[in-house]
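Here is a short tour of the model below, written for reading side by side with the structure. Have the viewer open and follow along.

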Amino acid sequence: MSDGNHPGGTIGEALLARGISRRSLLKYTGYLASILALPPMASRAMADALAKAPRQSVIWLSFQECTGCTESLTRSFNPTLEDMIFDLISLDYHETLMAVSGAAAEEAMQAARAANKGKYVLVVDGSVSTAEGGIYSTNAGKTNLATLKDMASDAAAVLSVGTCAAFGGIPHAKPNPTGAVPVSEIVTDKPVINIPGCPPIPEAIAGTVAYIITFGKLPDLDHLSRPKAFFGDSIHDRCYRRPFYDKGLFAKSFDDEGARNGWCLYEVGCKGPVTYNACATLKWNGGVSFPIQSGHGCLGCSEPDFWDRGGFYKPLSASVMGNPAIIGGAAVAGIVAGAASVALARKRRAEALAAQSKASAAAQEKMP
Amino acid sequence: MSLLDFARGPAIEVALAVFTLGVMWRLISLLGLPWAKDRTVRRAGAPSDFSAGVSGFIRHLWVPKGFGMTSRFALINGYVFHLGLAIIFFGFVQHILFLRGLFGVSWPGLPTSVISIAAVVTLGSLVAALVRRMTSPVMRLISTANDYFTWLITTLPVLTGLLAVSHLGARYETLLAIHILTVAALLIWFPFGKLMHAFLVFLTRAETGVFYGRRGVKI
Ligand code: SF4
């Protein structure tokens, strides 16, 4: 949170106050440069830029979400690294993390907004309910929909953190009773960066924010507005089980010999080949492991509609039948059509034969 | 809905429905047609219709004596890509998983390297078949748009499948979606074009065998 001792100060001052040395900052920027795939030289430039930069004002709004995204960031395994993000930013409003509540909290939000008009970064986790005017998710008597429109109008950029904010996520899953939509569907006149994941990788959140602060611009984004540095490669491209995939060696269940041998999890539903995220390289819990390493296929949580892709355990190459009865119906229709053609052909033939025999009878009658 | 979700879902479902409907319709209407009675007198010592049918089919499996190298090449080439298609379709684990989803049965797959080799050979063989069709004056004369379109619709899944497996040309999800869509196109075209020979080849060859067998001719 924005601590009262350093309102509006530079990041360098904030770090100094916390007893964080330039060496630690360099270590941090070195790490950031590496995960952002920047050249090693960039780390020094980043450290210099960061030390001088004012702390970025951030207003964090939580909509239809489970707080997993905040958990991911705040409980990240390596606090000296991801925790530093809180020194880079001045988190002026975050319902889960702020001490105040009620009217005081709303006042803090409006104060931060007035003080940083046009300059603050709006972070959103959770999808936006639009059904019935958005009444399914409200806060302080205001719908999320209204709050988002209002707060985005004065923001410099919007960061959609987590798959719910980025793509609608679980609230958007069929049948989507709340009319949940991603932030980018509501905010169309501001740059929106998506950092999807359920939850997103903390380094991806921290790294993207650090990039914006350091370089004063948005990072390179893919076609789904995700920073390429973290979402440029698929899980499959970086998966250590890939050699087994290439050879066609697949685990058939979670406890068979293939699974014990660490073979590819495609057959048990891994969505790694169509999922773009950095889990296979950055991993989780301080680089300890990631789902595939723990023996479970990738769920594809950083992709749109990952919840509605026919089941987590359905292999990617299997079809997703909406209604298998359609095939049965088609078979019956085919049989009926075939029988109708047969009946028609037989009727024509019978008619032709009748006409023929009539003609020959008439001819015989005419014979003298 | 992404292109891949569309391909895996509605596209393949509609294609399977059209395939089933079309195949049922064509087979039933064909088999149920009133037959013209063969009024010829059965030659003495002629085989029964059944054995004439079976041997007619078997004899058609190879080129009769007297035919030249080109015919032999065409036949062998035909076997190569038919066998190749079968190996790819029934041997690739990803395809077995697709079939398991539909029919609930599965079998062990072949190593991906074998499939890749089979796919490259099949593709080469299909190209050879097309070259022959386009260069032989007789083949050109008897080829119709149906033949060329059927060639295209058969070749595309092999080509797109190879690209998808080797991650060439686009992102994997796009390649996979295109591959599935080409298979959907094949399924839709199947009952109405030359591909229907997969079912009808048994009938046509047996029928020829029966027709001539009755007249004491082995063909
Ligand atoms: S486990 Fe998943 S991501 Fe890894 S190689 Fe297999 S399919 Fe690809």
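In this predicted model, helix α3 (residues 42-52) and helix α11 (residues 202-215) of chain A have axes that come within 9 Å and cross at roughly 75°. Here axes are lines fitted to C-alpha atoms, for helices over the stretch in contact, with angles running from 0 to 180 degrees between N-to-C directions. Because 65 to 115 degrees counts as roughly perpendicular, α3(A) is roughly perpendicular to α11(A). From α3(A), the contact (heavy atoms within 4.5 Å) uses A:M46, A:A49 and A:L50, and from α11(A) it uses A:A210, A:I213, A:T214 and A:F215. By class, that makes 6 nonpolar, 1 polar and no charged residues. Ala, Val, Leu, Ile, Met, Phe, Trp, Tyr, Cys and Pro count as nonpolar, Asp, Glu, Lys and Arg as charged, and the others, Gly among them, as polar.

Now to where the two chains meet. The contact takes 44 residues from chain A and 34 residues from chain B. A:Y276, A:R309 and A:S317 supply 14% of the area that chain A buries against chain B, more than any other three residues. Buried area is the accessible area (1.4 Å probe) that two parts lose on being put together, summed over both. The table gathers the totals for this pair of chains.

| Feature between chain A and chain B | Value |
|---|---|
| Buried area | about 3400 Å², 59% of it on carbon and sulfur atoms |
| Salt bridges | 2 salt bridges |
| Polar contacts | 16 residue pairs, both at pLDDT 80 or more |

A salt bridge is a side-chain nitrogen of Lys or Arg within 4 Å of a carboxyl oxygen of Asp or Glu. B:R100 forms one with A:E267, the closest N and O atoms being 3.6 Å apart. A polar contact is a pair of N or O atoms within 3.5 Å; within protein, one must be able to donate a hydrogen and the other to accept it, and residues adjacent in sequence count only if both atoms are side-chain atoms.

On the side of chain A that touches chain B, two or more residues each come from α13 (242-247) and α16 (325-366). The largest share, 15 residues, comes from α16(A). By class, this side has 22 nonpolar, 10 polar and 12 charged residues.

Chain B has 9 helices and 0 strands; helices (H or I, at least four residues) and strands (E, at least two) are DSSP runs, numbered from the N terminus. The C-alpha atoms of chain B fill a box of roughly 65 × 40 × 35 Å, taken along the principal axes.

Residues are numbered from 1 along each chain as its sequence is written, and chains are lettered from A and ligands numbered from 1 in the order in which they are written. Local features need pLDDT of at least 70, side-chain atom pairs count only at pLDDT 80 or more, and totals for chains, interfaces and linings use all residues, while side-chain values use heavy atoms, with hydrogens and water left out.

Definitions and conventions
Parallel < 35°, antiparallel > 145°, perpendicular 65-115°, else oblique.
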